[in-house]
Amino acid sequence: MTEILVVEDDGDLNEVTCMYLRDAGYAVTGCRNVHDAYEAMHGRLFDLVLSDIMMPGANGYEFAEKLRELDRHIPIILMTARDDIASKKRGFHAGVDDYIVKPVDFEELTLRIEALLRRAHIEDERKLVVGAFVMDADQATASLNGEPIALTAREFNILYKLLSYPKQVFSRAQLMDEFWDAGGETSLRAVDVYITNLRKKIGACEDFDILTVRGLGYKAVPR
């Protein structure tokens, strides 16, 4: 099911928007500010983000810029009372894909969401493509130049996570918490072993690198 993140500080509008989109068949998570949105995104992959602009703390423009750094492809819609060209220009420069002006016409919002998802091919396929390297989440397969690369389930999940958020650093503890059983006695060094194995298996790939960030963890960086 397509997952949508709604970030809107007006409680009533947040609730109504989430309810409408759930009735339209989407899985929806509502947050009241950007900080809560980042918490919701930890360990989860959303298919589309719908965000207000004026919120306490970071605003929608700043949020969009950060999202675009983390994921070049995720569709972002700003939901705002501002309909002037200067505001739209700032939003598009921040990396958003579309605008919906308040008061929100929810039928129009749904049509815009459908169009963006269709454009991103998220409804039909869940694939990560980095140059000649392709990961298919539904089939749990990876290939380079059309040739399959044998990955274990955990290797696949770790690499898919890193590539889903290019340039974002994930600590060993974060990866351990998400991809190892809770309560296990596995050392954090096990993450290093998996990263080493992944680097060997994708050594021929020239489209991205898995980098070690000393004292922090690992990140995938497109070349």
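Mentor: Gladly! Let us begin with a definition: helices (H or I, at least four residues) and strands (E, at least two) are DSSP runs, numbered from the N terminus. This is a predicted model, in which local features need pLDDT of at least 70 and side-chain atom pairs count only at pLDDT 80 or more, while totals for chains, interfaces and linings use all residues. Residues are numbered from 1 along each chain as its sequence is written, and side-chain values use heavy atoms, with hydrogens and water left out.

Trainee: What makes up the span of residues 3-117?

Mentor: By those DSSP runs, residues 3-117 are 47% helix and 21% strand, and the end C-alpha atoms of the span lie 11 Å apart. UniProt, in an unreviewed entry, places the feature "domain: Response regulatory" at residues 3-117. UniProt positions are given in the numbering used here, feature names are shortened, and annotations may be inferred rather than shown by experiment.

Trainee: Which feature does UniProt place at Asp52?

Mentor: The unreviewed entry gives "modified residue: 4-aspartylphosphate" at Asp52. In the model, Asp52 is found in strand 3, residues 48-52.

Trainee: Why is Asp52 called buried?

Mentor: Buried means under 20% relative accessible area, exposed over 50%, and partly exposed in between (1.4 Å probe, protein chains only). Asp52 has 4% relative accessibility, so Asp52 counts as buried.

Trainee: Which residues is Asp52 in contact with, leaving aside neighbours within four places in sequence?

Mentor: Contact means heavy atoms within 4.5 Å. On that basis Asp52 is in contact with Val7, Glu8, Asp9, Gly60, Leu78, Met79, Thr80 and Lys102. Another partner, Lys102, is joined to Pro103 by a cis peptide bond, with omega near -5 degrees. Pro103 lies in the loop between strand 5 (98-101) and helix 5 (106-120).

Trainee: What makes Asn59 a cap for helix 3?

Mentor: A side-chain oxygen of Asn59 lies 3.0 Å from the backbone nitrogen of Tyr61, at the N-terminal end of helix 3. A polar contact is a pair of N or O atoms within 3.5 Å; within protein, one must be able to donate a hydrogen and the other to accept it, and residues adjacent in sequence count only if both atoms are side-chain atoms.

Trainee: Which side chain makes a polar contact with the side chain of Ser87?

Mentor: That of Asp84, at 2.8 Å. Ser87 lies in helix 4, residues 85-94. Not counting residues up to four places away in sequence, Ser87 touches Tyr61, Arg82 and Tyr99.

Trainee: Why does Ser87 count as buried?

Mentor: Its relative accessibility is 6%, so Ser87 counts as buried.

Trainee: How do you know that Cys18 is in no disulfide?

Mentor: A disulfide is a pair of cysteine sulfur atoms within 2.5 Å. The structure holds zero disulfides. For Cys18, the nearest cysteine sulfur, that of Cys31, is 8.3 Å away. Cys18 has 4% relative accessibility and therefore counts as buried. Cys205 counts as buried too, because its value is 3%.

Trainee: How is the chain divided into domains?

Mentor: Domain bounds come from an automatic or database domain assignment, and here they give domain 1 (3-125) and domain 2 (127-222). The contact takes ten residues from domain 1 and ten residues from domain 2. The C-alpha centres of the two domains lie 27 Å apart.

Trainee: How much area do domain 1 and domain 2 bury between them?

Mentor: Buried area is the accessible area (1.4 Å probe) that two parts lose on being put together, summed over both. For domain 1 and domain 2 the value is about 960 Å², 50% of it on carbon and sulfur atoms.

Trainee: Is Met135 buried or exposed?

Mentor: Buried, because its relative accessibility is 0%. Met135 is found in strand 7, residues 133-136. Its contacts beyond four places in sequence include Leu151, Phe156 and Leu159.

Trainee: Why is Asn145 called exposed?

Mentor: Asn145 has a relative accessible area of 62%, so Asn145 is exposed. Asn145 also has a positive phi of about 55 degrees although it is not a glycine. Lys167 is exposed as well, because its relative accessible area is 55%. Phi of Lys167 is positive too, near 75 degrees, in a residue other than glycine.
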